[in-house]
Every structure is written in C-alpha cells, then in structure tokens.
Amino acid sequence: MDANELRKLCAKEAMKYIHHDFIIGLGAGRNIECLIELLDEEIKNGLKVKVVTPSYDTKRRCVEKGIEVLETYFVDEVDVAFDGCGEVDKNFYASKSGGGVHTKEKLIAAMAKEYILLIDEEKYSDTLSCKYPIALEVIKDSLSYVIKNVKKIGGEPTVRRSSIKDGYTITDDGNFLIEVQFQSINDFKELNDHLNNIDGVIGTGLFTKEVTKLIIAVKNDVRVISKVESPMV
C-alpha cells in the first residue's frame with residue numbers, strides 16, 4: 001500500500017469523528033487534502049458541516065468544492081479539528097512549524113473539543129527530538145529582544161526568510177517568524193512555557209496540551225491512540 005492510500009485510510013478514519021452540523025477545524029497537508037475529498041463526497045450525500053482553517057490553501061480547496069468556510073473570529077467553539085505535524089511523541093507533545101500559521105492552528109486547537117493529528121508512522125516517536133527547529137511568531141518590534149533571550153537559554157535563532165521575496169517572512173498578521181534550533185531539550189513543556197513567557201512572543205510551534213488523539217498510518221492499516229490511553233511505541 002503506497003503513501004497516498006495510507007493517507008486515504010487516515011482520512012476515512014477521521015470521518016468517523018465528523019457529524020451533521022459540526023463546525024470542524026482543518027489544518028494543512030496531504031492528509032488534510034484527502035480528508036477534504038471525503039468531506040466533499042459526504043456533503044454531496046447530505047452531510048452539513050462548516051469549516052474553520054488557518055491555511056489559505058485549505059480554505060481555497062474548501063471554497064472550490066462548495067464547503068462553507070467561516071472566519072475564525074466568528075467562532076468560539078469547534079466540534080473537532082484535524083491537523084498534521086512534523087513530529088509527535090507518546091506524551092502527545094507535537095512540533096509544528098512549516099506553514100508559519102502555528103499560532104492560528106493553536107487557537108483552533110484550543111477551541112476544539114477534540115484536536116486530532118493525522119500522521120504517518122515515522123512522525124510518531126518516544127519523545128520529541130531536536131531535528132526540527134522550534135518556530136516562534138513574534139511582534140516585529142520584539143525581534144532583537146526575543147533573539148537575545150532565546151540565546152540565553154541555549155537556542156540558535158534564525159529569522160525566517162522567503163526565497164521568493166526580499167527580506168524576512170511576514171505572517172498574515174504582520175509578524176516575524178523565528179526558527180530556534182536547540183542541541184538538546186530535557187523538558188519540552190518547560191521550554192514551551194519559558195518561550196511563551198518572553199515578551200513579544202505571540203506563539204510557539206510546540207503543542208504540549210492541545211492534542212487529544214492520533215490517527216497514525218501504519219503499513220497497511222491505521223492506528224488510533226487517545227490521550228487517555230498509555231500508548232507504547
């Protein structure tokens with residue numbers, strides 16, 4: 001079974017958590033693309049849902065298929081939200097950074113009754129590693145101050161740049177993105193709390209409390225793990 005077929009299995013499993021009149025959160029990535037395809041089929045069969053998303057590409061795909069997309073600021077609760085990640089561990093700590101919209105992803109996750117990650121098996125580990133930098137969204141004026149403070153705790157910060165635009169990458173809300181590489185991290189939750197306490201940091205790409213369930217593509221099947229369980233790798 002190839003990777004695309006496994007993604008379809010993940011999406012099919014995710015559909016079990018979506019019911020009539022739900023407001024659902026959708027992140028970005030290929031697993032989410034597969035979920036949108038299944039949603040489209042079920043909506044044609046009478047399913048009624050509304051979507052909130054921090055992703056422009058996801059919004060575009062939904063609109064093209066006639067799926068109603070709400071602006072997030074009109075919503076205070078989400079029935080279930082789905083997303084991907086770079087890495088997640090058995091503590092349900094997840095690392096996200098690629099799309100640069102982790103602050104809005106975290107907001108939707110906080111509003112969701114269930115926040116479910118759809119992932120491939122290689123993204124699930126015993127503990128998070130340091131192979132991915134930790135993304136920070138920061139207020140422009142705080143850039144130098146935040147850089148100084150993350151260096152104090154052993155981080156190696158780099159301001160994200162775009163290959164198609166001169167200068168620093170700017171988020172939808174007009175902020176900068178800093179990617180912080182650490183050589184070792186003993187406690188990801190403690191680090192996340194520390195980073196969030198630096199004035200000027202709006203949000204980090206570390207999710208240490210939001211994830212409630214994992215749908216993992218494994219070989220020719222899917223594995224579902226809930227936070228209330230004690231999963232073993």
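How do the residues of the lining of the largest cavity divide into nonpolar, polar and charged?

Author: The model is a predicted one, and what follows should be read as a description of that model. The lining of the largest cavity divides into 10 nonpolar residues, three polar residues and one charged residue. The space in this cavity comes to about 80 Å³. Its lining has 14 residues, and those closest to the centre are Ser129, Cys130, Tyr132, Ile134 and Phe188. Rolling a probe the size of a water molecule over the atoms shows where empty space is left. In this structure there are three cavities of 30 Å³ or more.

The second largest cavity holds about 60 Å³ of space. Its lining consists of Gly100, Val101, His102, Thr103, Lys104, Glu137, Thr171, Asp172 and Asp173. Helix H4 gives the largest share of this lining, three residues. By class, one residue of the lining is nonpolar, four are polar and four are charged.

The open spaces may be taken next. The largest pocket contains about 810 Å³ of space. It is lined by 35 residues, of which Ala28, Gly98, Gly99, Gly100 and Glu105 are the closest to its centre. Gly100 also belongs to the lining of the second largest cavity. At least two lining residues of the largest pocket come from each of helix H2 (30-44), helix H3 (56-64), helix H4 (102-111) and strand S6 (115-120). The classes in this lining are nine nonpolar, 14 polar and 12 charged residues.

The second largest pocket has a volume of about 310 Å³. Fourteen residues line it, and Thr53, Pro54, Glu71, Thr72 and Lys104 are the closest to its centre. Lys104 is likewise among the residues that line the second largest cavity. Both H3 and H4 supply at least two residues of the lining of this pocket, and the largest share, three residues, is that of H4. Seven residues of the lining are nonpolar, three are polar and four are charged.

A disulfide is a covalent bond between the sulfur atoms of two cysteines. The structure holds zero disulfides. Cys34 takes part in none, and the nearest cysteine sulfur, in Cys10, lies 8.8 Å away. Cys34 is buried, its relative accessible area being 10%. The closest cysteine sulfur to that of Cys130 belongs to Cys85 and is 16 Å away, which means that it is too far for a bond.

Strand S9 (residues 156-159) has Pro157 and Val159 on its covered face, whereas Glu156 and Thr158 are on the uncovered one. S9 pairs with strand S12 (residues 176-181) in the antiparallel sense, over four bridges. Within this pairing, Pro157 stands opposite Val180 of S12.

To return to the request, the largest cavity has a lining with 10 nonpolar residues and one charged residue, while the second largest cavity has one nonpolar residue and four charged ones. H4 provides the largest share of the lining in the second largest cavity and in the second largest pocket.

Conventions: Residues numbered from 1 in each chain as written. Predicted model: local features only at pLDDT ≥ 70, side-chain atom pairs only at ≥ 80, totals over all residues. Heavy atoms only, no water. 1 Å grid on protein atoms, 1.4 Å probe; cavity = no way out; pocket = protein on both sides within 12 Å on 5 of 7 lines; lining within 4 Å. Points joined across faces, edges and corners; volume = space filled by probe spheres on them. Nonpolar A, V, L, I, M, F, W, Y, C, P; charged D, E, K, R; others polar. Buried < 20%, exposed > 50% of the residue type's maximum accessible area, 1.4 Å probe, protein only. Pairing = 2+ DSSP bridges. Disulfide = S-S within 2.5 Å.
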